[in-house]
Amino acid sequence: MSLLDVERLTVDLATPQGTLHAVRGVSFAVDRGETLCLVGESGCGKSMTSLALMDLLPKAASRRAVRLSFGGVELGDLSPARMNDLRGNRIAMIFQEPMTALNPAYTIGDQMTEGFRRHKRVGRAQAEARAVDLLGRVGIASARERLGQYPHQLSGGLRQRVMIATALMCGPDLLIADEPTTALDVTIQAQILRLLGELAEEFGLALVLITHDLGVVARIATRVAVMYAGEIVETGAAADLFAAPRHPYTQGLLDCIPVPGRTPRGSRLGAIPGVVPSLVGALKGCAFRSRCRFARPDCETDIPWRVDARGHGARCVLA
Amino acid sequence: MLAYALKRLGLALLVALAVSAASFVLLRISGDVALAIAGEGARAEDVDLVRRTYGLDRPLIVQYGEWLARTLTGDFGQSLYFKTSVAGLIGDKIGATVILAFASLTLALAVALPLGVLSALFPNTWIDRLSLTIAVLGQALPNFFFALALVMVFSVKLRWLPVSGSDTWAHFVLPAISLGLYITPPFMRLIRAGMIEALASDYVRTARAKGLSPLSVVVKHAMRNALAPVVALAGVQFGFLLGGSIVIETIFALDGLGYLAYESITHKDFPVTQAVLMILSVVYVLLTLATDLVNAWLDPRLRTG
Ligand SMILES: Nc1ncnc2c1ncn2[C@@H]1O[C@H](COP(=O)(O)OP(=O)(O)OP(=O)(O)O)[C@@H](O)[C@H]1O
Ligand code: SF4
Ligand SMILES: [Mg+2]
């Protein structure tokens, strides 16, 4: 069994309009040393999926799953206190907004070490030594001085490096990064993502990386899962999926990436025309069909998951 | 930080000066000092004599300048009614007012803090509705009405507490409750709103993601940020309590500054009224300043900026 094994995970949100099915039965698995990239348009349920793994969903949300096992332990069976012992310790998470993810009232050193000190029950000096070590590892110079600084004294890129170093403090098995670079400068985005890839390899982490950036995915993903309207519509080894996408939505996403030399300069960044269906209430058949060029009558029925011998699967009548 | 503090101090003193000038002028418009000194029903010649003897016929600006110069040396003059030095009078009374303000503020915070935090943690539950009820009551009931109701129940019916005076701590209980409840609602609202915002913030989500204990998430991370504006409000409210307890002190005949202000106004005791107003405005302005500085010190962005 994999380190993280998710089977038919569902997240429902109570809204004034009715129940919103943000995540509709997604399944995936990740092992140490692997990087799984979750991709898909805004609102398709990527963040809800990751928050469900952390048990950090908003109050209005409820989570169900056939299996949600981590290191052989069923997360759904854990008491809140036991789950809290895993969080930040064996499962760590980095969020999208480095500018607001740190508490303005406390120093970097305090915020980096507090989780480590709680989970590992060590003293301040030892925790700070580790923090300095990791700050150096994520490429922050004069780490010792940084510990005494406050978040507002650091740039966005530095803060995200601090968040990454903090996430690594306890030596987690699984690291979840939800669009960790979206809020940063383009030049820094690439650096941070490269850093994450290297660290995942060096520390033998299982990395779940959520991103819009398919260029990044192509470089660092082991596996890719493409989400649409709360479902995984295609998944496979990164190389297979990029070489031969089987779902029209994945094909559309790949067509949107500008290719140097081939995309004419100044042409508009591609986007798939049409809008995502509402996630409130039941969805029947292929959720993508209102936007799909190949849609046909049998797309309105429930479509089985088709997977090949290499584990490359898709949910489409054409696949 | 030091430059900031000095700049704010300068500004505060300017405000205090402006307030003293304004109150000086307003008091003079409100009544005739010479008449007050000479006594009700005095002959016109006598009043004129007093006016000339005390220099009250000179331009207002000159009189204000003279008053200010004396005041700055700590000389507030003589009370017309009590016939003692104004400074001594104020020294006698300020203690009771400070105790009352302190007790009311402590009480208000003791109620508002737990209820505000709990109602933010459990919105739309019974505890949230309880705090809302207290807030609405505290705001809707005029505070003299509430004070009288307390007197009826605890002093007249049950005879647990004295009706009026300021001799023992028991005399302060009902006045402190009346004033405390009156200033509780703004604290409760501020704490609740601040906690709801902080609990929904990204940094609290980060704290949760680190697996910190719920206590640490709520107290260390959320409350620390939610309470900064509460410090500011407490400073302002303390100033308000020092000056605004006139009604309550009068109802309970609590021998403080507020009661003194009331007496001096009814007896046209101008030097006393003027001195009390001056002291209250200086205290208020300095408190606001102190609050700003505490806030700046609490916020690392201002402290290290
Ligand atoms: N607190 C909430 N209450 C109600 N609905 C929500 C809430 N948060 C998110 N949603 C809805 O849940 C769905 C999934 O949201 P989610 O944040 O997981 O999307 P996402 O894939 O992470 O998008 P993005 O790329 O914009 O971050 C969306 O339709 C969104 O509108
Ligand atoms: S199932 Fe039909 S509508 Fe959906 S992607 Fe495939 S072809 Fe398009
Ligand atoms: Mg998201």
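This is a predicted model: local features need pLDDT of at least 70, side-chain atom pairs count only at pLDDT 80 or more; totals for chains, interfaces and linings use all residues.
Reader: How much space lies in the largest cavity?
Author: About 140 Å³.

Reader: Which residues lie nearest its centre?
Author: A:G88, A:T166, A:A167, B:A209 and B:K210. The lining of the largest cavity has 15 residues.

Reader: And which elements give two or more residues to that lining?
Author: From chain A, β7 (91–94), α4 (108–120) and α7 (156–168) do. From chain B, α9 (202–209) does. The largest share comes from α4(A), with 4 residues.

Reader: How does the lining of the largest cavity divide by class?
Author: Into 9 nonpolar, 5 polar and 1 charged.

Reader: On to ligand 2. Where does it sit?
Author: Ligand 2 is in the second largest cavity. That cavity holds about 80 Å³ of space.

Reader: Which residues come nearest to ligand 2?
Author: A:C286, A:R289, A:C292, A:C299 and A:C316, out of 13 residues around the ligand. By class, the shell around ligand 2 has 11 nonpolar, 1 polar and 1 charged residues.

Reader: What about the second largest cavity itself, which residues lie nearest its centre?
Author: A:C286, A:C292, A:C299, A:C316 and A:V317. They belong to a lining of 13 residues. By class, the lining of this cavity has 11 nonpolar, 1 polar and 1 charged.

Reader: How many of the residues lining the largest pocket are charged?
Author: 7 are charged. Another 21 are nonpolar and 6 are polar.

Reader: And the second largest pocket, what is its volume?
Author: About 700 Å³. Its lining has 28 residues, with A:R8, A:R24, A:G25, A:E231 and A:R315 nearest the centre.

Reader: Which strand gives the most to this lining?
Author: β2(A), with 7 residues. In chain A, β1 (4–15), β2 (18–30), β10 and β11 each supply at least two. The classes are 14 nonpolar, 7 polar and 7 charged.

Reader: Which way do β3 and β10(A) run, parallel or antiparallel?
Author: Parallel, with 4 bridges joining β10(A) to strand β3 (residues 35–39) of chain A. One pair there is A:L38 with A:A225.

Reader: And how many bridges join β10(A) to β11?
Author: 6, in the antiparallel sense, with β11 covering residues 231–237 of chain A. In that pairing, A:Y228 stands opposite A:E231.

Reader: Which residue in that hairpin takes a positive phi?
Author: A:A229, near 50 degrees. The hairpin of β10(A) and β11(A) has 2 residues between the strands.

How values were computed: Residues are numbered from 1 along each chain as its sequence is written. Chains are lettered from A and ligands numbered from 1 in the order in which they are written. Side-chain values use heavy atoms; hydrogens and water are left out. A residue is near a molecule or strand if one of its heavy atoms lies within 4 Å of it. On a 1 Å grid over the protein atoms alone, a cavity is a set of points where a 1.4 Å probe fits but cannot get out, and a pocket is an open set with protein on both sides within 12 Å along at least five of seven lines; lining residues have an atom within 4 Å of a point. A molecule sits in a cavity or pocket if more than half of its atoms lie within 2 Å of its grid points. Ala, Val, Leu, Ile, Met, Phe, Trp, Tyr, Cys and Pro count as nonpolar, Asp, Glu, Lys and Arg as charged, and the others, Gly among them, as polar. Grid points are joined across faces, edges and corners, and a volume is the space filled by probe spheres set on the points. Two strands pair if DSSP finds at least two bridges between them.
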